[in-house]
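Student: I'd like to learn how to read a protein model, one feature at a time. Could you walk me through this one?

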Amino acid sequence: MTKVDIISGFLGAGKTTFIKELINKVFTGEKLVLIENEFGEIGIDGGFLKDAGIEITEMNSGCICCTLVGDFSTALQKVLEEYQPDRVMIEPSGVGKLSDIVKAIEDVKKNADIEINGRITVVDGKKAKTYMKNFGEFFKDQVVHASTIVISRTQSMSPEKIEECVHLLREENEEATIISTPWEELGKEAILRALEHGAEIEGILEGHSHEHDHEHCCGHEHSHNHDHEHCHDHEHSHNHDHEHCCGHKHGHDHGHCCGHDHHHHHADEVFTSWGKETAHKYTEEELDFILKALSETEGYGTILRSKGIIPMADGTWKQFDLVPEEYEAREGQADYTGRICVIGTDLKEEELLKLFHV
C-alpha cells in the first residue's frame, strides 16, 4: 500500500518550504516520490527539490482539470509502477482545486494499491482574508477539503491575527486539524500527530464531500461563494478550446461541460501565467526595481505570484519569490539560462517584457 499525501495551498503560501520540512523531519527513511503540477509555462522549483534526491514529474499545463484527469492520472500510475514508493507526495498548482485532485486520485485507486493519507492545505495567514474574498472559489475549495491546515507566516503575525485567521478557516472547515505554530519550531512528533489526526478524519471528509450543492464537471459537489471579481475581464493566455474533464470541447463558456448551468471556473479562465527564459544579466538595482514594481504597483496587472532564477551582472545567480507586498531574493545555483514566471489576473504582457528586459 502506497500512501498519498496532497500538499495544496494558494499561490505563494509556502507549499515547497513545508514539503522540505516534511522530507527532512517527518518522512526520513521512506522511499518518496514527489509529483508537482505547475500552473505556468516554466517550472522553477523542480531543480531545487531534485537536490534532495526526490524524483519529480513536472507537468506545466494551464488547464488544471484536464491535466488531472489526463496527464496527472497517467503520471501517478507511472510513478507507482516504476518506483514502487512508500509514499507519494503531490504538490498541486497554487490555483488547483483540492477537490479535483482528490477525485483524480480516487480514479487511480481503481487500478492501484494506494490510499490518501492526508489532504494538507498550507494557508498564508497574512493573506487568507484577502484571498478568501477575491479568489474564494479556488481558495475556499482548498480549505474546505483539507484534513490538515497549516498556517504559514504565523511568526510574523500577532496572536490576535492568528486567532482571527483560525476563526476564518474554522467557519469553512470544522473538522480539520489546524497547525498555527510556526512549523520550524515543531519537531517530528508534533507534525506527525497533526497529520495523523488529519488522516483519522479523512473518512469524515469523504462522507461529507457529496453534501454540498455545487455540482461541477469532475463529479464532485461543492458549495462556493462566488465573490469573484476577476473572472470575465481579462485576456487569457490560453485562448484555445480545452477538452475539459468530461470529454466535451468548449471555449470559455464558464463550466457547462456537464450540461449544467453553473459557475465552476477552471484556473485558466481566471488566472494567466506568463513565463520567459532570459539571458539578460541583471544588476542588483534592476532586480530590486523589478520586485518592488511587481509587489507594490498595479502597472503590470494583479500579480499574485512571481518566481524566477536569473543571472546577475556580477556573475552570481539569484532566485526570487514574490507574493503581493512581499518578496525575497537569495543566492541560487547557476542554470542553463535565466527563467522567470508571473501568475495573476489582467497581466500586461508587453509591460512585463519591458520590465524584465526580454
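Student: How many bridges join strand β11 to strand β14, and which way do the two strands run?

Tutor: When you read paired strands, look for the bridges and for the direction of each strand. In this predicted model, seven bridges connect β11, residues 302-311, with β14, residues 338-345. The two strands run antiparallel. To find a place to start, take G308, whose bridge partner in β14 is I340.

Student: How many bridges join β12 to β13, and how many residues are between them in the hairpin?

Tutor: For a hairpin, check the pairing, then the turn. Six bridges join β12 and β13, which run antiparallel, and V323 stands opposite E326 of β13. Two residues lie between the strands of this hairpin. In the turn, E325 has a positive phi of about 70 degrees.

Student: Now for charged side chains. How many salt bridges does the structure hold?

Tutor: The structure has 21 of them. For any one, ask how far apart the atoms are, where the partners sit in the chain, and how exposed each one is. Let's start with E284 and K318, whose side chains meet in a salt bridge at 2.7 Å, N to O. This pair links distant parts of the chain, with E284 in helix α11 (residues 284-296) and K318 in strand β12 (residues 317-323), 34 residues apart.

Student: Are E284 and K318 buried or exposed?

Tutor: E284 is partly exposed, at 39% relative accessible area. K318 has 12% relative accessibility, so it counts as buried. As for networks, salt bridges with shared partners join D124, K126, K127, R153 and E326 into one.

Student: How far apart are R153 and E326 in their salt bridge?

Tutor: Their closest N and O atoms are 3.9 Å apart. This pair, too, links distant parts of the chain: R153 belongs to the loop between β6 (148-152) and α7, while E326 is in strand β13 (residues 326-331), 173 residues apart. R153 is partly exposed at 25% relative accessible area, and E326 is partly exposed at 24%.

Student: Which parts of the chain does the pair E164 and K129 tie together?

Tutor: First, the contact: the side chains of E164 and K129 meet in a salt bridge of 3.9 Å, N to O. E164 lies in helix α7 (residues 159-172) and K129 in helix α5 (residues 128-134), so this pair ties together parts 35 residues apart in sequence. E164 is partly exposed, with 38% relative accessible area, whereas K129 is exposed at 58%.

Student: Where does M132 lie, and is M132 buried or exposed?

Tutor: M132 is in helix α5. With 8% relative accessibility, M132 counts as buried. The C-alpha atoms of M132 and L168 are 9.1 Å apart, although 36 residues separate the two along the chain.

Student: How do I check a helix, and which residues of α1 are buried?

Tutor: At 1.5 Å a residue, the 12 residues of α1 (residues 15-26) should span 16 Å, and the end C-alpha atoms are 15 Å apart, which agrees. For the buried residues, keep the helical repeat in mind. An α-helix has 3.6 residues a turn, so residues three or four places apart point the same way. In α1, the buried residues are K15, T16, F18, I19, E21, L22, I23 and V26.

Student: How many helices and strands are in the chain, and what share of the residues is buried?

Tutor: The chain contains 12 helices and 14 strands, and 57% of its 358 residues are buried. For contacts, count those between residues at least 6 apart in sequence: 73% of them join residues at least 24 apart. The chain exposes about 15,300 Å², of which carbon and sulfur atoms supply 45%.

How values were computed
Residues are numbered from 1 along each chain as its sequence is written. This is a predicted model: local features need pLDDT of at least 70, side-chain atom pairs count only at pLDDT 80 or more; totals for chains, interfaces and linings use all residues. Side-chain values use heavy atoms; hydrogens and water are left out. Helices (H or I, at least four residues) and strands (E, at least two) are DSSP runs, numbered from the N terminus. The expected span of a helix is 1.5 Å times one less than its number of residues. Buried means under 20% relative accessible area, exposed over 50%, partly exposed in between (1.4 Å probe, protein chains only). A salt bridge is a side-chain nitrogen of Lys or Arg within 4 Å of a carboxyl oxygen of Asp or Glu. Two strands pair if DSSP finds at least two bridges between them. Contact means heavy atoms within 4.5 Å. Accessible areas come from the Shrake-Rupley method with a 1.4 Å probe; for residues, only the protein chains shown count as cover.
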